[in-house]
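Please keep the sequence and the coordinates at hand while reading.

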Amino acid sequence: MFNSARLKLTAWYVLIIMVISLSFSVVIYKVLTYEVDRLLAEQNIRLEQHFNNPDMFPLGMRGGRMLLPLIDPTLVEELKQRLITNLGIINLLIFVGAGGLAFLLAGKTLHPIKVMVEEQKRFIADASHELRTPLTALKTTLEVNLRDHQLTLKEARQTLADNLADVNRLQVLSNNLLRLAQLDERRSARQAEKAELSSAMAEALRIIKPLAKQKHIATKSHVAAMTVRVPERDLTELLVILLDNAIKYSPNKTTVEVTATQHGSQAEIKVSDQGYGIAAADLPHIFDRFYRVDTSRSGEGSTGHGLGLSIANKTVQQYHGTITVKSRPKQGTTFTVRLPLA
Ligand code: ADP
């Protein structure tokens, strides 16, 4: 598809260049031949004047100078022919040069579109793959239970509860997919909004509190008063993703710590846990969409879809910040986010 688009675009570029070049050549040819014809006409007038009045308009040489130079009409015809040939050769060269250049330019113009389309295709393929598994499970349980004539009310309730959990997971997945698509779309939007870091942090800690409580995980926070150039909603979402992971991937009765300090013109936020850690082999991939660490290695069954860190990374990039990670298996993980101060 892209090759044919590239060829079409090349053809359009060449067509435009050739129309300009040929028009220019025609104009040059017309102007020059007009001037040469005018010269010939001028000379004819002089010749006529000479024959009518040879004393006033003499022919021949005087003092090494031609008094009335003569132009041979066959030379003029030859000049016109040579002009046509030369302009033809120049246009041919322009056609070949422009063709090559246009092909290169068409490739360059189409490259970002190609990357975007391929990215979208991969996104759709990944998303449908993620959706297929829970949907198939849901469908199978419903079908099996529907066919079971001895199904008791208690069993039916249990099935419905399981189905509801699956539907909830699907809802989270679709919300995350939508969020990722939005982040891809509005790259430079809302750059002017600011947020108070401590209030976003307080909100994020409030959101993850029930999960921390459930796992008896203590949360410590030392946040300096700073305003960052990120909208409050996005900042809270980013902090929730990091805190939620820190709790999810830590054993019970551990501590999760968040600190925020000023680093030049940036705020540095660190989220550290004493959890299962991430193996060195997985570290380069954890920000990839749908990437989940092998659960047998992470020490705990993962319920996520591998979208949280991808959303966090895109959010940070959108607001010209950075996100890095340091981790040691079985010892803990620290995510460091740097965001520009307002
Ligand atoms: P998920 O929804 O699966 O948590 P994420 O994109 O948030 O997806 O994380 C990707 C993977 O990175 C997770 O599957 C998990 O294995 C690993 N991970 C993220 N944060 C931590 C952490 N604090 N400690 C250990 N592993 C983590």
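The notes below treat the ligand site, an aromatic pair and several single residues in turn.

The structure is a predicted model. In this model, the protein buries 97% of the 530 Å² that the ligand exposes when taken alone, and the shell around the ligand is made up of 20 residues.

**Ligand shell**

- Of the 20 residues around the ligand, those that come nearest are Asn 245, Tyr 249, Asp 273, Gly 306 and Leu 309.
- Sorted by class, the shell around the ligand contains nine nonpolar residues, eight polar residues and three charged residues.
- Three elements each supply at least two residues of this shell, namely helix 5 (232–248), helix 7 (308–318) and strand 9 (332–340), and the largest share, three residues, comes from helix 5.

**Polar backbone atoms at the ligand**

- A polar backbone atom of Leu 309 is 2.8 Å from an oxygen atom of the ligand, and Leu 309 is also one of the residues that come nearest to the ligand.
- For Gly 308, a backbone N or O atom lies 3.3 Å from an oxygen atom of the ligand.
- For His 305, a polar backbone atom is likewise found 3.3 Å from an oxygen atom of the ligand.

**Aromatic pair**

- The count of aromatic pairs comes to one, and this pair is edge-to-face because the rings of Phe 287 and Phe 335 have their planes at 85°, where over 60 degrees is required, with their centres 6.3 Å apart.
- Phe 287 lies in the loop between strand 7 (266–272) and helix 6 (295–298), whereas Phe 335 lies in strand 9, so the pair ties together parts that are 48 residues apart in sequence.
- Both members of the pair, Phe 287 and Phe 335, are buried; strand 9, which holds Phe 335, is also among the elements that supply at least two residues of the ligand shell.

**Glu 130 and its contacts**

- Glu 130 lies in helix 2 (residues 73–147), and it counts as buried because its relative accessibility is 11%, which is under the 20% limit.
- Once its neighbours within four places in sequence are left aside, Glu 130 is in contact with Leu 173, Phe 290, Arg 292 and His 305; of these, His 305 also has a polar backbone atom 3.3 Å from an oxygen atom of the ligand.

**Positive phi values**

- Phe 290, which is in contact with Glu 130, has a phi near 65°, a positive value in a residue other than glycine.
- Phe 290 lies in the loop between strand 7 and helix 6, and it is buried, with a relative accessible area of 11%.
- His 320 is not a glycine either, yet its phi is positive at about 60°.
- His 320 lies in the loop between helix 7 and strand 8 (322–328), and it counts as exposed because its relative accessibility of 56% is over the 50% limit.

**Gln 317**

- Gln 317 lies in helix 7, an element that also supplies at least two residues of the shell around the ligand.
- With a relative accessible area of 47%, Gln 317 is partly exposed.

Definitions and conventions
Residues are numbered from 1 along each chain as its sequence is written. This is a predicted model: local features need pLDDT of at least 70, side-chain atom pairs count only at pLDDT 80 or more; totals for chains, interfaces and linings use all residues. Side-chain values use heavy atoms; hydrogens and water are left out. Helices (H or I, at least four residues) and strands (E, at least two) are DSSP runs, numbered from the N terminus. Buried means under 20% relative accessible area, exposed over 50%, partly exposed in between (1.4 Å probe, protein chains only). Contact means heavy atoms within 4.5 Å. A residue is near a molecule or strand if one of its heavy atoms lies within 4 Å of it. A polar contact is a pair of N or O atoms within 3.5 Å; within protein, one must be able to donate a hydrogen and the other to accept it, and residues adjacent in sequence count only if both atoms are side-chain atoms. Accessible areas come from the Shrake-Rupley method with a 1.4 Å probe; for residues, only the protein chains shown count as cover. Ala, Val, Leu, Ile, Met, Phe, Trp, Tyr, Cys and Pro count as nonpolar, Asp, Glu, Lys and Arg as charged, and the others, Gly among them, as polar. Rings of Phe, Tyr and Trp (its six-membered ring) pair if their centres lie within 6.5 Å; planes under 30 degrees apart count as stacked, over 60 as edge-to-face and the rest as tilted.
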